[in-house]
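Welcome! Here is a short tour of a protein chain for someone meeting it for the first time. Have a look at the sequence and the structure, and then read on.

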Amino acid sequence: MSLLASSRSGLSDSEIRVRLLKYGFNELPKGKRTTALFIFLSQFRNFLILLLSVAAGVSIFLREFVEAGAMLFIVLLSALLGFVQEFRAEKAMEALEKVSAPTARVIRDGREVKIAARELVPGDVILLEAGDIVPADSRIIEVSNLQIDEAALTGESLPSAKVTSQFKPSTSIADQENMAFMSTVVTYGKGKAVVTATGLNTEFGKIAASIQSTRETKTPLQVKFEQMARQIGMAVLVLVFFVFIGGSMKEGSSVSTMLIFALSLAVAAVPSALPAIVTISLAMGAKSLASKNMIVKKLPAAESLGAVTVICSDKTGTITKDEMTVTRLYHDGKVILVSGSGYEPTGQFTHEGKEFSPKSLELLLRTGLLCNNARLSSSDGLWKIAGDPTEGSLVVLARKAGLSREQLLEKSSLVQELPFDSERKAMSVIFRTKGTRETYAYVKGAPDLLLEKCDRFVSGGKVQRLTQKDRQRILEINNSFAEDALRVLGIAYRELPFLSQYATDSVEANLVFVGLAGMLDPPREEVARAIAECHDAGIKVMIITGDHAMTAKAVARQIGLFSEGDLVLTGEEIEKMSEYDLSKVIGHVRIIARALPIQKSKVVDALKRNGHVVAMTGDGVNDAPALKKADVGIAMGLTGTDVSKEVSKCVLADDNFATIVNAISEGRNIYDKVIKSTRYLLSCNIGEIVAVFLAILLRFPLPLTPLQILLMNLVTDGVPAMGLGVEPAEDEVMKRPPRSPREKPITAASLLLVLIFGLVMGFGTLFIFNLFLERGIDLARTSAFTTLVMFEMFAVLGSRSLMPFRKLNPFTNKWLLGGVTLSVLIQLSIVYWAPLQPVFDTVPLGLYEWTRILLVSSLGFLIMEAGKLFFNQSGNHGSAPSASV
């Protein structure tokens, strides 16, 4: 306390005023709030949206108001869908304020007073008791069985028992048992502490500051489509220039006419339906993910899940159940296994592979049940524990054997409780048999310390003298339990004389050792299968936890995550490593134990430097910076703090690791659907451009009118592309490795296929145009127009899947069939309905024309199918056109 110039009687009013001026209020500064208007306007930062907006402006310039209105509608729809999903995405600081302690009990000038927590200063002496939220970082100076739940800060699944002892300066936060940290919760006992840090200087405040300074990472889809939009934009500018120059040099063409046509072609070159298709695909994907317990807060994150190459997962509650379970007992020389997991009181007792009757365990079970303050209850079939999870596991154990506290209390009554404290590491209760003077002490605690207080043990159903050999045997069993990452409790009892009050020293002496109970937080049953699925999909999984390395390693082995050659690092080791050294070894690391917030962020940075797309799970305040920095931050829906939920892009509604893997599968499907639509639209647009450009180069009349070009771009190719957005997932979606994060939006292989299709489409259209040109320009243009539309219909049917069309059920995607049917009907109306013929400059087509048109346009389907064979034979499944454009 001398370092803080304070005393046990607290600070004076004058000193408090001085320190308030020096340190400021004990609160977190309010960061800039993101307004709804800003979120809405930010939707227009998408380069493709801007490009489409420019195209709409061009249409207005051409006085094509219908087309301009359609494009502006698509722009507005995309912006609104994105706005709705992201409206509540930037409230991290508000959430931090919600969990801050509003009041504090302090000693000032020797008097206990209650003040607003924001008025605390370093040097203040605060009082803590069960139920309190710690108002500031403080050094413990007095304790009475004080335990604090620090899971939100350190990731520890069990409360930290506090002491007044001094620790080395290098001691990690998770091991600083002489400190109470801001916004952690007192679960047991009481204590007194002196404030060491307030506001942003607290550990909680440092995390808040890092959240503010951490820039949000763009999703892979955002990056890829920004690149692709720029590529399209540059191509459009080059196209407009050459078409305008080439057409103007042609005899009989006016500059104004070619300018209007070039601008129309520029509008057509922009895949105007793409922003809507992308947004709708993401929105539908987000809805599907929500039905699978993954709530997507930021729309592009729905796809980002599919790009994940590494999952950094917390252990407690995500990979494990967060329900301590007794799995092994030692009693009367026997090791008994207990089946079942979690708090559901069902399971079997076995010894050496044979069923074992729990009747002989009655003394052990009774001791664990009575020396206990936890309670078991069920609601709607879900079992819950109120109280300490370790004690809860003993309650569940007894219920598995048909024993309940209510049954025992019918015959016995509590006389006195000697609470657990961190020095003796034991708890005792004293019960008296009703109607008699029989009094018994039931004790549980750390096995090594408890054994020192025992002079007898239960052997052969009788109480025998405890020899040194017996002690050694019990300690060996205890060590074997601990090596398997079990948390071990020793169980003992003794008969007491009839008294009204008992002292701890006299009760916890000359005890009879009953046995050991080994417990752990078991893995969820479905996690091992999910880990195997990640392995098949080429996704690495890493556990980052505040727990000890031995515990995490044991769990990792159970779920098939850890094998020979894999590394385990501690947060302290990571802290000492340079960025270069960590980047070198991070690929072999499977477990990071005793991790602190800054170290989790450091791990994310190292993985991203190695080119990984990182999904990071978390539930506590300690996870917030890394959640925001990761490509996909996933907060826990059940146990997550408000802070973690607000900074993350997704929320895991059931806190289940297997749900993440299911969401990745859905994310891959979303990306596939978006890219199928993109490839299809680009192929068709290139075909239109090639047909017109070739006509100019060959000095043919223009094969299309501006209105025909705009109609195709907005309707006849856009509507079927929407159908691709609801295509069911590929069967092998989780059997292929993740796509490379460095992969460009349009890969060389995909570009080759798109260009081949575009050239064939363009040449085929021009061939039909030239074939009928002698019979009149209107017939030739109608035939060329219809050829392009039918090319698009055949192409969209071939774009449904990576698999050959013959392996697909043609009726599984009714939306696509409906889109094709609608587009064909629109085309037929334009060709045959008299009122529309003069608008679009069309004439009726006969059977002869239709036969030639269908023969040529069916090449579109054949090219798409041939492209699949090429990519499949080259073994390039992961970078095939539908997954890598």
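Which residues does Asp 314 touch, not counting residues up to four places away in sequence? They are Ile 319, Ile 544, Thr 545, Thr 617 and Asp 619, where contact means heavy atoms within 4.5 Å. This is a predicted model, in which local features need pLDDT of at least 70 and side-chain atom pairs count only at pLDDT 80 or more, while totals for chains, interfaces and linings use all residues. Residues are numbered from 1 along each chain as its sequence is written, and side-chain values use heavy atoms, with hydrogens and water left out.

**The chain as a whole**

- The chain has 34 helices and 28 strands; helices (H or I, at least four residues) and strands (E, at least two) are DSSP runs, numbered from the N terminus.
- Of its 885 residues, 55% count as buried. Buried means under 20% relative accessible area, exposed means over 50%, and partly exposed lies in between (1.4 Å probe, protein chains only).
- Among contacts in the chain with a separation of 6 or more, 72% come from residues 24 or more positions apart.

- Asp 314 sits in the loop between β9 (310-313) and β10 (325-331).
- Asp 314 is buried yet has no salt bridge, and the nearest side chain of opposite charge, Lys 600, is 5.2 Å away. Here Lys and Arg count as positive and Asp and Glu as negative, while His and the chain ends are not counted.
- Glu 391 belongs to helix α13 (residues 389-400), and its relative accessible area of 10% makes it buried.
- Glu 391 touches Cys 371, Asn 372, Asn 373, Ala 374, Met 427 and Lys 444, not counting residues up to four places away in sequence.
- One of these, Ala 374, is 17 residues from Glu 391 in sequence and 5.7 Å from it in space, C-alpha to C-alpha.
- A polar atom of the Glu 391 side chain lies 2.9 Å from the backbone nitrogen of Asn 373.

**Salt bridges**

- The chain's count comes to 24 salt bridges, each being a side-chain nitrogen of Lys or Arg within 4 Å of a carboxyl oxygen of Asp or Glu.
- Asp 175 and Arg 594 form a salt bridge through their side chains (2.1 Å, N to O). This pair links distant parts of the chain, 419 residues apart: Asp 175 is in the loop between β5 (160-161) and β6 (179-180), and Arg 594 is in the loop between β25 (589-593) and α22 (597-609).
- Asp 175 counts as partly exposed at 29% relative accessibility, whereas Arg 594 counts as buried at 11%.
- Arg 328 and Asp 484 also meet in a salt bridge (2.9 Å, N to O). Arg 328 is in strand β10, and Asp 484, 156 residues apart from it, is in the loop between α16 (468-483) and β21 (487-496).

**Helix α30**

- Helix α30 (residues 814-832) has 19 residues, which at 1.5 Å a residue should span 27 Å; its end C-alpha atoms are 26 Å apart, which agrees. The expected span is 1.5 Å times one less than the number of residues.
- Leu 816, Gly 819, Val 820, Ser 823, Gln 827, Ile 830 and Val 831 are buried in α30. Seen down the axis of α30, its buried residues fall within an arc of 105 degrees, so they line one face of the helix; the arc is that of the directions from the helix axis to the C-beta atoms.
- On the other side of α30, Lys 814 and Trp 815 are exposed.

Note on methods
Polar contact = N/O pair within 3.5 Å; in protein donor to acceptor, adjacent residues only side chain to side chain.
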